[in-house]
Amino acid sequence: MSLDLNDIQRRMEASVASFQHDLAGIRTGRASASLLDPIMVEAYGQQMPISQVGTVNVPEPRTIAVQVWDKAMVIPVEKAIRESTLALNPVTDGTTVRVPLPELNEERRRELTKVAATYAENARVAVRHVRRDGMETLKKLEKDGDVPQDDARSMSDKVQKMTDEKIAEIDTLLSTKEAEIMQV
């Protein structure tokens, strides 16, 4: 048994990637095709991302359009968007589902920054859990005599450095998203 620093790095990066995905689902008032990424559509007996049933694009700064490929999927796409947590009201035009984005008021912007901060804290906790797992493995290896004390300290420092870098990356992503949300 040994400590795999690459595995720790990969797991921390997965936590950051999950956080980025969560942030993509937070609406800022500007249309973005990635805004609909978290929405799943009941299609052909299973749940599918919207991007697998139609083309998502942004024809105007405050509108998202979904060009649905199969006419039978237009109503399920509209229903999935309407029932999502994004509070959007889609309008169907043939095989195109248009999603106008309402203007965000100050109160809603503050709520969204709180949601983003919660996502960030969850990501930090996930990164710290990965660090804790790595440190516990390292202590066990050192106790069992599989790793010399100097190597254990060196590896411990590397794990801590990775943790600090990922936490800083999360903080940067959060501050960027908060600025984007508060921008009028």
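User: Which residues in α4 meet α1?

Analyst: Contact here means heavy atoms within 4.5 Å, and helices (DSSP runs of H or I, at least four residues) and strands (runs of E, at least two) are numbered from the N terminus. In this predicted model, α1 brings L5, I8, Q9, M12, E13, V16, F19, Q20 and L23 to the contact. Their partners in α4 are M155, K158, V159, M162, T163, K166, E169, I170, L173, L174 and K177.

User: How many residues of this contact are nonpolar?

Analyst: Ala, Val, Leu, Ile, Met, Phe, Trp, Tyr, Cys and Pro count as nonpolar, Asp, Glu, Lys and Arg as charged, and the others, Gly among them, as polar. By that division the contact of α1 with α4 has five charged and three polar residues, while the nonpolar ones number 12.

User: What pLDDT do side-chain atom pairs need, and which atoms are left out?

Analyst: Residues are numbered from 1 along each chain as its sequence is written, and because this is a predicted model, local features need pLDDT of at least 70, whereas totals for chains, interfaces and linings use all residues. Side-chain atom pairs count only at pLDDT 80 or more, and side-chain values use heavy atoms, leaving out hydrogens and water.

User: At what angle do α1 and α4 pack?

Analyst: Two packed helices are described by the angle between their axes and the distance between the axes. The axes are lines fitted to C-alpha atoms, for helices over the stretch in contact, with angles from 0 to 180 degrees between N-to-C directions. Angles under 35 degrees count as roughly parallel, over 145 as roughly antiparallel, 65 to 115 as roughly perpendicular and the rest as oblique. α1 (residues 5–24) and α4 (residues 149–182) are therefore roughly parallel, with axes 11 Å apart and an angle of about 10°.

User: Which residue forms a salt bridge with D133?

Analyst: A salt bridge is a side-chain nitrogen of Lys or Arg within 4 Å of a carboxyl oxygen of Asp or Glu, and the structure holds 16 of them. For D133, the closest N and O atoms of its pair are 2.8 Å apart. D133 lies in α3 (residues 106–144) and its partner in α1, so the pair ties together parts that are 122 residues apart in sequence. That partner is R11.

User: What is the phi of Y44?

Analyst: Most residues other than glycine have a negative phi. Y44 is found in the loop between β1 (40–43) and β2 (46–49) and is exposed, with a relative accessible area of 56%. Its phi is a positive value, near 55°.

Methods:
Buried < 20%, exposed > 50% of the residue type's maximum accessible area, 1.4 Å probe, protein only.
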